[in-house]
Amino acid sequence: MHRILSAGLVMGLLSSTALSADLAHNPKSEPVAPSVFTWSGVYGGLFAGFGVLDSATQFLCAGPDGRAGAAGCPVLPSRRGTDDGFIAGGEVGGNWEVGSGFVVGAAADYQFTRLWDYGEREGRFTNSGSRALIFRVAHAGQRLDQLAILRGKVGFALGPTLIYGTGGLAFGNVRIDSNLTAFNRSVFDAREGEVRTGYAVGAGLEHAFTDHLSAKVEGLYYDLGSRSVLAAPIGRVLLGYRAGARIATDGFLTRVGLNYRFGAGLPSDGPAAPSPWAIAGGLRYFYSSGGPRYTLGDPFKPGQVNSRLTYAGADAHSGESFARVAHAPTGLFAKGFLGAGGVTAGRLADEDFPPLESRYSKTLSPIKDGDIGYGVIDFGYDVLRRDGFSLGGFVGYLYDAELLNGHGCQQVARSGICAGQYAVPDQVKVLGETLRWNALRVGLIGEARFDRVRLSLEGAYLPAVSLEGVDRHWLRPDINPLPQQGRGDGYFAEGIVSYDVTPRVSVGVGGRYWRMQTDSGSVKFPTYPRSPTKFETDRYGAFAQISYRLADFGLGEANAPATLVRKD
């Protein structure tokens with residue numbers, strides 16, 4: 001189970017002055033020496049950005065004597081591929097400013113990376129003796145799900161701006177897949193997943209707005225090395241041979257983030273100083289259910305439905321971080337949340353329809369593992385603002401990644417597919433789905449306050465949704481993996497009720513629902529044109545949260561005059 005953690009606490013000072021009625025006593029205040037900014041201290045923060053996965057693939061084959069490229073081995077050209085997508089995560093670390101602007105430090109970060117690259121070659125392949133072979137399809141590719149980095153930092157500070165270089169160890173969860181197919185039957189099927197160790201190097205720039213809050217932008221190159229996967233033949237073709245692939249894993253990360261330094265300790269829980277900025281952040285636990293479904297059409301017969309896969313009731317437990325920043329004078333605001341968690345239960349239904357099949361067929365498989373990762377960021381404007389009430393509009397971005405696996409097989413309609421001697425136990429993974437949704441958000445949000453109680457409601461239309469995915473038939477290597485894509489729309493709704501426990505700390509509960517679907521989707525089967533497909537997904541659930549109202553980060557008017565109070 002993966003978690004995206006957050007950190008966000010700051011100090012706030014409240015001062016007041018008073019003069020006596022006759023001004024007889026007017027003691028002179030002592031001048032306060034300005035604080036000296038330093039980068040030293042422990043910090044934590046969140047980031048989001050853009051990740052790239054590069055793949056360099058070399059197909060391998062060894063004969064019965066272990067010699068690479070032995071007579072009879074298929075000869076396949078190497079390939080290079082790439083994938084990119086949204087990433088997000090958290091970071092903790094510490095800096096030490098040793099003098100003359102020189103800064104050293106260390107950091108540990110984790111990011112959710114749902115990146116993959118799978119390649120396919122179709123046709124008759126030659127062997128090492130230049131003879132044509134019966135192999136028709138070759139698959140090879142990899143997937144990177146998470147990446148953690150432990151690194152050192154060396155930089156130079158120019159006042160509140162730090163320029164630094166960084167590098168260290170990288171750890172990634174990588175899965176490699178390779179197979180060769182002849183006459184729609186898999187001959188070689190090699191797969192392996194493991195945590196890989198490599199390195200990451202890069203540079204960044206960080207600017208401090210105050211003693212506590214800073215923003216950064218950085219770029220990193222990571223390299224997790226290369227690995228080979230080889231497998232013996234399935235059946236009696238090329239007995240004694242082993243075939244597979246060697247794939248290198250590297251890429252780039254571009255990240256933008258906010259950090260909070262704890263050098264002066266935790267702030268008190270008193271009222272925040274008056275400020276044009278309203279800043280809050282916190283943590284949530286989100287329990288949800290839902291899942292994807294896709295309906296597969298026929299590539300040659302428009303309107304004909306061949307099959308449907310439904311991942312229903314995929315229960316997930318997630319951790320979230322969230323934040324909102326609003327500027328009262330202008331009504332502008334920014335808000336968002338990041339979350340990730342594990343899927344613990346659910347049910348997969350696999351249906352096949354006539355006339356592709358002679359009779360309707362349906363099997364059920366329990367969903368025993370998987371994960372979800374998601375995030376939202378919005379920018380908006382409060383059109384209507386009254387005492388205790390606001391109404392605004394926003395535009396933003398939604399990211400949703402899903403990975404679900406079905407295990408075993410129970411026949412509930414028709415017989416023979418996985419009944420009797422063909423029964424598949426629940427310990428065997430049979431089907432899987434990996435999806436990545438990206439969506440534009442346009443919506444409204446309204447808030448109302450009643451003393452210590454605050455009610456927030458928002459709704460958004462998702463006019464532009466894009467989908468990329470991979471279907472995994474684990475018992476059918478000849479069609480594993482199947483690339484998926486689509487475009488469509490969706491909608492999102494959320495409601496929150498919170499209560500101010502103190503002037504800064506509040507607790508609350510809420511509910512959330514989102515749905516996305518494609519109007520123009522497709523799945524690519526080997527040697528066939530793309531099959532028209534409708535993809536759908538939804539997720540609904542409830543959450544509990546705790547939030548903290550942060551004091552002014554020094555973004556307001558620091559030199560505002562003190563208020564004079566006259567006593568008669």
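Val453 is found in strand E17 of this predicted model, and because its relative accessibility is 32%, Val453 counts as partly exposed. Val453 belongs to a nonpolar surface patch of about 930 Å², whose other members include Phe450, Leu455, Leu457, Val497, Tyr499 and Ile546. Three strands, E17 (453–473), E18 (482–500) and E19 (505–523), each supply at least two residues of this patch, and the largest share, three residues, comes from E17.

Strand E17 also takes part in a contact of another kind. Side chains of opposite charge can pair when their charged atoms come close. The side chains of Arg441 and Glu458 meet in a salt bridge, with 2.9 Å from N to O; Arg441 lies in strand E16 (residues 424–450) and Glu458 in strand E17, so the pair ties together parts that are 17 residues apart in sequence. Arg441 and Glu458 are both buried.

Arg284 forms a salt bridge with Glu320, and their closest N and O atoms are 3.2 Å apart. Since Arg284 lies in strand E11 (residues 277–297) and Glu320 in strand E12 (residues 305–327), this pair ties together parts that are 36 residues apart in sequence. Arg284 counts as buried because its relative accessibility is 9%, and Glu320, at 2%, counts as buried as well.

Arg143 and Asp145 form another salt bridge, their closest N and O atoms being 3.1 Å apart, and both of these residues are buried. A search of the whole structure finds 36 salt bridges, and those that share partners join Glu91, Asp109, Arg151, Lys216, Glu218 and Arg255 into one network.

Methods
Residues are numbered from 1 along each chain as its sequence is written. This is a predicted model: local features need pLDDT of at least 70, side-chain atom pairs count only at pLDDT 80 or more; totals for chains, interfaces and linings use all residues. Side-chain values use heavy atoms; hydrogens and water are left out. Patches are made of residues with over 30% relative accessible area and no salt bridge: like charges are joined within 9 Å, nonpolar side chains (Val, Leu, Ile, Met, Phe, Trp, Tyr) within 5 Å. Accessible areas come from the Shrake-Rupley method with a 1.4 Å probe; for residues, only the protein chains shown count as cover. A salt bridge is a side-chain nitrogen of Lys or Arg within 4 Å of a carboxyl oxygen of Asp or Glu. Helices (H or I, at least four residues) and strands (E, at least two) are DSSP runs, numbered from the N terminus. Buried means under 20% relative accessible area, exposed over 50%, partly exposed in between (1.4 Å probe, protein chains only).
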